[in-house]
Amino acid sequence: MNVAIIGASGYTGLELIKILINHPKFNIAYIANSSGDINVKDLHPCLKNVINMDVSLANASEVAKVADLAFLALPHKTAMSFAKELLELGLKVIDLSADYRLELETYEKYYCEHLDKEHIKDAVYGLPEYFKEDIKTAKLIANPGCYPTASLLALLPFIDYIDTDAQIFIDAKSGVSGAGKNPSETTHYCQINDNVHAYNPFKHRHMPEIHEKVKILKGKDVSINFVPHLLPLTRGMLVSVFATLKDDIDVNEILNKAYKDCEFIRIREKPVDVKSVAGTNFCDLFVAKNGKALFVSSAIDNLLRGASSQAVVNANIICGYEEYEGIPKIAYVP
Ligand SMILES: NC(=O)C1=CN([C@@H]2O[C@H](COP(=O)(O)OP(=O)(O)OC[C@H]3O[C@@H](n4cnc5c(N)ncnc54)[C@H](OP(=O)(O)O)[C@@H]3O)[C@@H](O)[C@H]2O)C=CC1
Ligand SMILES: CC(=O)N[C@@H](CCC(=O)OP(=O)(O)O)C(=O)O
């Protein structure tokens with residue numbers, strides 16, 4: 001199947017290229033950014049002698065001439081303007097941005113006015129462990145945010161066993177590539193090197209995403225207290241969930257049962273780390289309890305399971321291919 005990557009000069013766009021080059025079923029037919037007029041090997045020198053393809057100035061009509069499915073690795077708002085056109089032209093769309101992840105009211109509260117309200121109802125939240133059946137027939141995938149991916153995979157198996165009158169705390173830490181390729185004061189080397197800090201405590205826009213998906217899947221209006229931190233790492237995300245159990249239960253049994261048939265979840269007996277999942281689509285999970293106090297630890301690669309490899313898993317499912325086809329499993333260790 002011929003596919004397009006729009007936003008190929010960014011971090012998640014580069015990861016999409018790297019995965020799709022080796023994919024047995026998908027063929028990269030179109031690559032674009034906001035200016036075009038460059039070869040992909042000059043855009044990403046790491047791709048010299050690997051792929052030789054022109055980068056176009058993104059244009060939906062041109063995409064429709066050569067591809068059946070498009071990956072949008074674009075900032076929010078820009079993504080929905082392309083998605084709208086591409087869907088009208090009959091393409092399937094995997095959107096890595098936040099544009100179709102939330103209910104309209106929540107989206108407009110945390111992001112901006114929605115420019116494609118018509119297609120929100122068609123979007124399926126692309127967390128395969130929980131929405132696989134809907135993904136199979138979707139034409140538009142709202143690929144989950146990186147923090148919600150790691151947080152939901154840790155939290156959801158325990159929702160039925162948690163005292164939902166008590167607070168749930170999520171302490172999350174991300175590598176700097178989570179902020180995209182454009183540097184800012186916060187991501188400047190001198191600011192982030194040898195440093196670590198929280199940002200947007202209880203206000204980050206991934207908090208309502210986690211809350212909304214728990215409500216949809218479990219029918220529970222839980223209190224999520226989410227605090228992200230920035231780490232001096234290029235890639236990687238570590239999420240710690242703290243909650244209160246209703247009863248003194250076997251937490252490992254629950255976790256193992258929840259994910260027993262899941263290709264890309266690994267349940268660890270020791271606390272998880274980001275290096276063991278870097279370069280892969282795995283989400284590694286570890287659980288412990290202290291009486292009724294619950295701790296679940298989750299590690300992903302923010303650029304892969306948090307974005308690009310999860311996007312390709314969703315594309316595999318939509319196309320009827322095996323979930324794992326062409327998906328990276330070997331971590332960048334050491
Ligand atoms: N980084 C991460 O870990 C994660 C990112 N995401 C989401 O994925 C999306 C992409 O993120 P990321 O790769 O980090 O972002 P980057 O900032 O690294 O890249 C953005 C890309 O969008 C392109 N772009 C911007 N405006 C336009 C336009 N008008 N027309 C065509 N192309 C345009 C840029 O092209 P140009 O170079 O020409 O400006 C660039 O290729 C975002 O919505 C982000 O929130 C989701 C989960 C994790
Ligand atoms: C480290 C860092 O800055 N991470 C980003 C989240 C990643 C992301 O891209 O989020 P959306 O897809 O929802 O836009 C942030 O905190 O905004």
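**Exercise 1. Determine how far helix H1 is enclosed, and what its buried residues pack against.**

Step 1. In H1 the buried residues are Tyr11, Thr12, Gly13, Leu14, Glu15, Leu16, Ile17, Lys18, Ile19 and Leu20. Because 10 of the 11 residues of H1 are buried, the helix is largely enclosed by the rest of the structure.

Step 2. Contact requires that the C-beta atoms of two residues, placed from the backbone, lie within 7 Å. The partners of the buried H1 residues are strand S1 (2-6), strand S2 (27-33), helix H2 (40-43), strand S5 (69-72) and H11.

A note on the source: this is a predicted model, in which local features need pLDDT of at least 70 and side-chain atom pairs count only at pLDDT 80 or more, while totals for chains, interfaces and linings use all residues. Residues are numbered from 1 along each chain as its sequence is written, and chains are lettered from A and ligands numbered from 1 in the order in which they are written.

**Exercise 2. Describe the two domains and the side of domain 1 that touches domain 2.**

Step 1. The chain is divided into domain 1 (2-143 + 307-318) and domain 2 (147-300), with bounds that come from an automatic or database domain assignment. Taken over C-alpha atoms, the centres of the two domains are 25 Å apart.

Step 2. In the contact between them, 16 residues of domain 1 meet 17 residues of domain 2. Helix H5 (104-110), helix H6 (128-136) and helix H11 (308-318) each supply at least two residues of the domain 1 side, and H11 gives the most, with three residues.

Step 3. By class, that side of domain 1 has nine nonpolar, four polar and three charged residues, where Ala, Val, Leu, Ile, Met, Phe, Trp, Tyr, Cys and Pro count as nonpolar, Asp, Glu, Lys and Arg as charged, and the others, Gly among them, as polar.

**Exercise 3. Locate ligand 1 and ligand 2 relative to the domains.**

Step 1. A residue is near a ligand if its C-beta atom, placed from the backbone, lies within 6 Å of it. Of the 30 residues around ligand 1, Ser9, Gly10, Ser34, Ser97 and Gly180 come nearest, and H1 (residues 11-21) gives the largest share of this shell, three residues.

Step 2. The shell around ligand 1 divides into 11 nonpolar, 18 polar and one charged. Both domains give residues to it, so ligand 1 lies between them.

Step 3. Around ligand 2 stand His76, Ser97, Ala98, Gly145, Cys146, Ser174, Gly178, Ala179, Pro228 and Leu230, of which five are nonpolar, five polar and none charged. Ligand 2 also lies between domain 1 and domain 2, because both give residues to its shell.

**Exercise 4. Classify Pro128 as buried, partly exposed or exposed, and list its contacts.**

Step 1. Pro128 lies in helix H6 and has 19 C-beta neighbours inside 10 Å, so it counts as partly exposed.

Step 2. Leaving aside neighbours within four places in sequence, Pro128 is in contact with Ile135, Val313, Asn314, Ile317 and Glu323.

Key: Helices (H or I, at least four residues) and strands (E, at least two) are DSSP runs, numbered from the N terminus. A residue is buried if 20 or more other C-beta atoms lie within 10 Å of its own, exposed if 12 or fewer, and partly exposed in between; C-beta atoms are placed from the backbone.
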